[in-house]
Amino acid sequence: MRFSSNTMALHNADTVPYLTYNSLSELKFINHAFSTRLGGVSEGEFTSMNLAFNRGDDPDAVTENYRRLCKSAGFDFDTLTASAQDHNTFVRTVTKNDCGVGIYKPRDMQSVDALITNEQGVTLVTYYADCTPLFFVDAKNKAIGLAHAGWRGTVERIGEKVVEKMTALYGTDPSDIVAAVGPAISVCCYEVDLPVAERFLALEDLDASRFVFPKPGGKYMLDLLECNRQILVKAGVRAENITLSDLCTNCNSDLLWSHRATNGHRGTMCAFMCLV
Ligand SMILES: [Zn+2]
């Protein structure tokens, strides 16, 4: 495995690897991480770091994977609180009372594609395998958010919805937000058909010529990272405060889970973030 990134760092590569954003690591009041496909105990097509309980893996193995990742990246397992993603745009506010939901307690809510909090003692957890993770940190009011933006969540502007909810609940000024986008399947590998491309071309307030690229044969290459970046800028996040990952999940499928690279026979990665 050869790792190269200008925006992310790989830690504990020989044991339980995880990624961090260089830009977010400068913020000392948070801890954040993105898992990989390596360093876990799962077997078969989930080998070895699978963090999804809902894809047929042994739940004891998944729990052990969470424990290993938490130990490696410095999170408290007892504080993990998970989303319940279904490609919609509902943003859930969580507190310490929600710790364990979706991890060691049952899910108590459907259709949660984004989580926000301004409390210490709760770690946000969201799921990925090609879809785009969005990280949000209000560097002034000390509030955080994670969102899952596949093509549906992106075109329905989940990034903007997170910014709006942080503003409404935590008094966040969007210009104080530090954000990161990815790792996800990137424009090099993310081919879509006309009906999907048309949804993106219809985002008239954005510059779609920078994220929808026609190919011969009626297909399109789609840059979900760039589209999310533009949505965040429209929501008031400063362009210089947004980092895009340069790690395509499909191109780096020896390190990262990619739904496309594995034809769906795969485990799942997580983004983690908490206030410390
Ligand atoms: Zn690629």
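# Exercises on a predicted model

N12 is found in the loop between β1 (8–11) and β2 (18–21). Helices and strands here are DSSP runs, H or I of at least four residues for helices and E of at least two for strands, numbered from the N terminus. The model is predicted, so local features need pLDDT of at least 70 and side-chain atom pairs count only at pLDDT 80 or more, while totals for chains, interfaces and linings use all residues. Residues are numbered from 1 along each chain as its sequence is written.

## Exercise 1: N12

Find phi of N12, then decide whether N12 is buried, partly exposed or exposed.

Step 1. Phi of N12 is near 50 degrees. This is a positive value in a residue other than glycine.

Step 2. Count C-beta atoms, placed from the backbone: 20 or more others within 10 Å means buried, 12 or fewer means exposed, and anything in between means partly exposed. N12 is partly exposed because it has 15 C-beta neighbours inside 10 Å.

## Exercise 2: The whole protein

Describe the make-up of the protein and test its radius of gyration against the value for a compact globule.

Step 1. The protein has 6 helices and 15 strands.

Step 2. Its C-alpha atoms fill a box of roughly 45 × 45 × 35 Å along the principal axes.

Step 3. The radius of gyration is taken over C-alpha atoms, and the globule rule is 2.2 Å times the number of residues to the power 0.38. For 276 residues, a compact globule would come near 19 Å. The protein has 17 Å, which agrees.

Step 4. Of the 276 residues, 48% are buried.

Step 5. Two residues are in contact if their C-beta atoms, placed from the backbone, lie within 7 Å. Take the contacts between residues at least 6 apart in sequence: 64% of them join residues at least 24 apart.

## Exercise 3: Strand β9

Work out how enclosed β9 is, and which strands pair with it.

Step 1. Locate the strand: β9 covers residues 143–149. It is largely enclosed by the rest of the structure, because 7 of its 7 residues are buried.

Step 2. Find the partners; two strands pair if DSSP finds at least two bridges between them. Strand β6 (residues 114–117) pairs with β9 in the antiparallel sense over 4 bridges. β8 also runs antiparallel to β9, joined by 7 bridges.

Step 3. Look at G145. I116 stands opposite G145. F136 stands opposite G145 as well.

Step 4. Check the turn. The hairpin of β8 and β9 has 4 residues between the strands, and K142 takes a positive phi near 55 degrees there. K142 is partly exposed, because it has 16 C-beta neighbours inside 10 Å.

## Exercise 4: The core

Name the residues with the most contacts inside the largest nonpolar core, and list the contacts of L146.

Step 1. A nonpolar core is a set of buried Ala, Val, Leu, Ile, Met, Phe, Trp, Tyr and Cys residues joined through C-beta atoms within 7 Å. The largest has 80 residues. Those with the most contacts inside it are L134, F135, F136, L146, V162, A179 and F272.

Step 2. Strand β15 (residues 269–275) gives the most to this core, with 6 residues.

Step 3. Set aside neighbours of L146 within four places in sequence. L146 is then in contact with A114, L115, L124, T126, P133, L134, F135, A271 and M273.

## Exercise 5: Helix α4

Compare the reach of α4 with its expected span.

Step 1. The expected span is 1.5 Å times one less than the number of residues. Helix α4 (residues 158–170) has 13 residues.

Step 2. From first C-alpha to last, α4 reaches 18 Å, close to the 18 Å expected.

Step 3. Its buried residues are I158, G159, K161, V162, V163 and M166. Just after α4, G171 takes a positive phi of about 70 degrees.
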